Amino acid sequence: MSELSSDLEKKIELKGMDLNEIGTIIKNLREKPFRAKQLYKWLYRKSAFSFDEMSDLPLILRNYLSKRAELKLLEPKKKVSSKIDASTKYLFKLRDGNCIESVYMEYQGRKTVCLSTQVGCSLNCSFCSTGKMGFIRNLSTGEILDQFLFINRESDFSITNIVFMGMGEPFLNYENVIKAARILNSELGPEISARKITISTSGIVPAIYRFADEGHKFKLAISLNATTDAQRDKSMPINRKYPINVLLEAAKYYTRKTKRRVTFEYVLIKDFNDSIDDAKRLRKLLSDIPCKLNLIPYNETEFSPYKIPDEERLEKFIKEIHRAPFAVTVRRSQGRDIKGACGQLYLQTKNE
Ligand code: SF4
């Protein structure tokens, strides 16, 4: 224990390490190799909050790790549960004082956690509260995982689905997000099925090609939210770099390469992208892509002038789009009363 590698002389962030990396730590400590698996399980499967809980590790190892390693990468600062549906929003404080949000949602038997991947976001989508914060920094793999680990433990380890759809653009923090997804999917970890882990992008085209080429089994969702470039340029400035036809080419490549469907998310905003013409264009744009479409009526926020379409208009849009050859679901936003849209709770708390 006295001859330690120099990387253990400073506090190490164990969470975020994969089994090989933990194996190296254990080896450097001259512990038996099977300790790596034990430690990995305590971190990711049992969501241990302290080294004291790790009862099958030798006391000397636990004591050592508690002095030299960080276990808690975030702490809950605020938690708000909805009164109208089964969703809860968490505001977590990171060790550098920055805050991020995560959401827990129950819907049709699924228990889903929506994770943040960055503090703030550089992409400035006009309908998004996080975009108003600007970009502060990427989250580490451990910080991404710790949101899940905390909420999963609070929910008696019952989480079934994960979406990378919180604050930030996951594909601008690609390596850390993929590593977190792998750990979440791992056999000794939480073992969430890859089909139940969705990574959502606003349309970072090179990363879509990379994701397809690397052959990940996680699901891909693309936030489309518009049917013309003029419209999308206005609401999602990333469109000026990767316009709709370039984005849809990448989506087609993904489906060809992986033989999987892609999910398109379309947030319906009153008098902006909710006309019958939009529905017809949307149907046409997606009709030759193996895909699923999620329609999401806008979750109004005090930070944006956008409104949710009225019911009648919504029904007409849905009726029109249902003639499409692909599957369509309508997902009513959850947590309307708890500032469910990403970035809202952060901005509100900041102003308190
Ligand atoms: S919608 Fe997503 S990509 Fe756009 S600003 Fe918000 S967090 Fe960033």
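Modeller: Glu-175 and Arg-210 form a salt bridge (a side-chain nitrogen of Lys or Arg within 4 Å of a carboxyl oxygen of Asp or Glu), with 3.1 Å between the closest N and O atoms. Glu-175 belongs to helix α5 and Arg-210 to helix α6, so the contact ties together parts that lie 35 residues apart in sequence. Arg-210 has a relative accessible area of 33% and therefore counts as partly exposed (buried is under 20%, exposed over 50%, partly exposed in between; 1.4 Å probe, protein chains only).

The model is predicted, so local features need pLDDT of at least 70 and side-chain atom pairs pLDDT 80 or more, while totals for chains, interfaces and linings use all residues. Numbering starts from 1 along each chain as its sequence is written, and side-chain values use heavy atoms, without hydrogens and water.

Next, the elements that carry the pair. Helices (H or I, at least four residues) and strands (E, at least two) are DSSP runs numbered from the N terminus. Helix α5 covers residues 174-185 and lies across strands β9 (161-164) and β10. Helix α6, residues 205-214, packs on the sheet and touches β10 and β11 (contact: heavy atoms within 4.5 Å).

Strands β10 (residues 197-201) and β11 (residues 219-223) run parallel and are joined by four bridges (strands pair if DSSP finds at least two). Within this pairing, Ile-199 has Leu-220 in β11 as its bridge partner. Both strands belong to an open sheet of ten strands, with mixed pairing, in the order β3-β4-β5-β6-β9-β10-β11-β12-β13-β14. The sheet ends at β3 (74-81) and β14 (327-330), the edge strands, each of which pairs on one side only. In the strand order, β10 has β9 on one side and β11 on the other.

As for other contacts of this kind, the whole structure contains 23 salt bridges. One of them joins Arg-45 to Glu-191, with the closest N and O atoms 3.0 Å apart. This pair links distant parts of the chain: Arg-45 is in helix α2 (residues 34-45), whereas Glu-191 is in the loop between α5 and β10, and the two are 146 residues apart. Arg-45, with a relative accessible area of 33%, is partly exposed. Glu-191 is also partly exposed, because its relative accessibility is 45%.

Another salt bridge connects Arg-283 and Glu-320, where the closest N and O atoms are 2.5 Å apart. Here too two helices are involved: Arg-283 lies in α9 (residues 276-286) and Glu-320 in α10 (residues 311-321), so the contact ties together parts 37 residues apart in sequence. Glu-320 has a relative accessible area of 11% and so counts as buried, whereas Arg-210 in the pair you asked about is partly exposed.

Glu-13, Glu-70 and Arg-95 are linked in a network of salt bridges.

Methods. Axes are lines fitted to C-alpha atoms, for helices over the stretch in contact, and angles run from 0 to 180 degrees between N-to-C directions.
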